[in-house]
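Here are a few exercises to work through with the viewer open. Try each one yourself before you read the solution.

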Amino acid sequence: MMDISSDEEEENMVNCITMQQLQAFGKDFIQKRVSVQCTVKRLEEKSTWYYANCAKCKIEVFREAGRYKCTNCKRTIPHPDKRFRVSTICTDKTGSIGIIFPDSQVRRIIQKTVFDIQAEYNEEPLEEPFPDILRQLHHKDYIVTLLLSEENIINGSTVYEATEVDNAIEKTADFSPGNQILDKVTPNMLEDTP
Ligand SMILES: [Zn+2]
């Protein structure tokens, strides 16, 4: 993944544009960052929520006959590093786009790593369920910094990589933190104080 965080990049950043304005950027904006304010309307629970990478060369590794293999190092990786990559659909009043939430941001929000989640399984399931704890992203408002790719600008892809995910102004009736527990409680179980 790209690592850009120089001051120069900060100055070039375009803040708080709408989904509709996103469509209008030309070639000059490839690899530039813009921010959008949006709501996580959907979590793509059928997509994989993490990926494995080779600790040596960092490329993504896949399972072949039960073992992770790095096609670059040409070796089996017995214990690959695992990182979050959570696919969402985010919406503002002008439209919707796909946004991939990266490992660093998901870790900061949920305060867990992929291994923390996997450590809770008694045995490794064949098909890993979408973890409950990730559902706390759902319906939240965020200010998301997107890194515009060639795919986005030249090919019109509407799936964007996020580099930063910050809380937007707190919504009312949001009992954070610890809301993953409260999510399991239906609203009328919470007594209104008169
Ligand atoms: Zn490798």
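The exercises below go from the whole chain down to single residues, and they use a predicted model.

**Exercise 1. Get an overview of the chain: how many helices and strands are there, and what share of the residues is buried?**

Step 1: Start with the secondary structure, which comes to six helices and ten strands.
Step 2: Turn to burial; of the 194 residues, 16% count as buried.
Step 3: Look at contacts with a sequence separation of 6 or more: 63% of them join residues 24 or more positions apart.

**Exercise 2. Find the largest nonpolar core and say which elements give two or more residues to it.**

Step 1: This core has 24 residues, and Ile-99, Val-144, Leu-146 and Ala-162 have the most contacts inside it.
Step 2: On the strand side, the elements that give two or more residues are E2 (33–43), E7 (81–92), E8 (95–102), E9 (141–147) and E10 (159–167).
Step 3: Now zoom in on Ala-162. Setting aside residues up to four places away in sequence, Ala-162 touches Ile-99, Ile-100, Phe-101, Pro-102 and Gln-105, along with Val-144, Thr-145 and Leu-146.

**Exercise 3. Is Phe-101 buried or exposed, and what does Phe-101 touch?**

Step 1: Locate Phe-101 in strand E8.
Step 2: Count neighbours. Phe-101 has 24 other C-beta atoms within 10 Å, and the cut-off for buried is 20 or more, so Phe-101 is buried.
Step 3: List the contacts, leaving out neighbours within four places in sequence: Val-86, Thr-88, Val-106, Ala-162 and Val-165.
Step 4: Check one of these by distance. Val-86 is 15 residues from Phe-101 in sequence, yet their C-alpha atoms are 5.1 Å apart.

**Exercise 4. Which residues of H3 are buried, and why do they share a side of the helix?**

Step 1: The buried ones are Gln-105, Val-106 and Ile-109.
Step 2: They cover an arc of only 95° around the axis, so they sit on the same side of H3.
Step 3: Recall the helix geometry behind this kind of pattern: an α-helix has 3.6 residues a turn, so residues three or four places apart point the same way.
Step 4: Ask what lies over these buried residues; the cover includes E7, E8 and E10.

**Exercise 5. Trace the strands E3, E4 and E5: how do they pair, and what happens in the turns?**

Step 1: E3 (residues 50–53) and E4 (residues 60–64) are antiparallel, with two bridges. Asn-53 stands opposite Glu-60.
Step 2: This hairpin has six residues between its strands, and Lys-58 in the turn has a positive phi of about 75°.
Step 3: E4 also runs antiparallel to E5 (residues 67–70), joined by three bridges. Here Phe-62 has Lys-69 as its bridge partner.
Step 4: Two residues separate E4 and E5 in their hairpin, where Ala-65 in the turn has a positive phi of about 50°.

**Exercise 6. Where do Gln-31, His-139 and Gln-111, which have positive phi, lie?**

Step 1: Keep the background in mind: most residues other than glycine have a negative phi.
Step 2: Gln-31, with a phi of about 70°, lies in the loop between H2 (19–22) and E2. Gln-31 counts as partly exposed, with 14 C-beta neighbours inside 10 Å.
Step 3: His-139 has a phi near 65° and belongs to the loop between H4 and E9. With 14 C-beta neighbours inside 10 Å, His-139 is partly exposed.

Terms used
Residues numbered from 1 in each chain as written. Predicted model: local features only at pLDDT ≥ 70, side-chain atom pairs only at ≥ 80, totals over all residues. Core = buried A, V, L, I, M, F, W, Y, C linked by C-beta atoms within 7 Å. Buried ≥ 20, exposed ≤ 12 C-beta atoms within 10 Å, placed from the backbone. Helix = DSSP H or I, 4+ residues; strand = E, 2+ residues; numbered from the N terminus. Contact = placed C-beta atoms within 7 Å. Arc of directions from axis to C-beta. Pairing = 2+ DSSP bridges.
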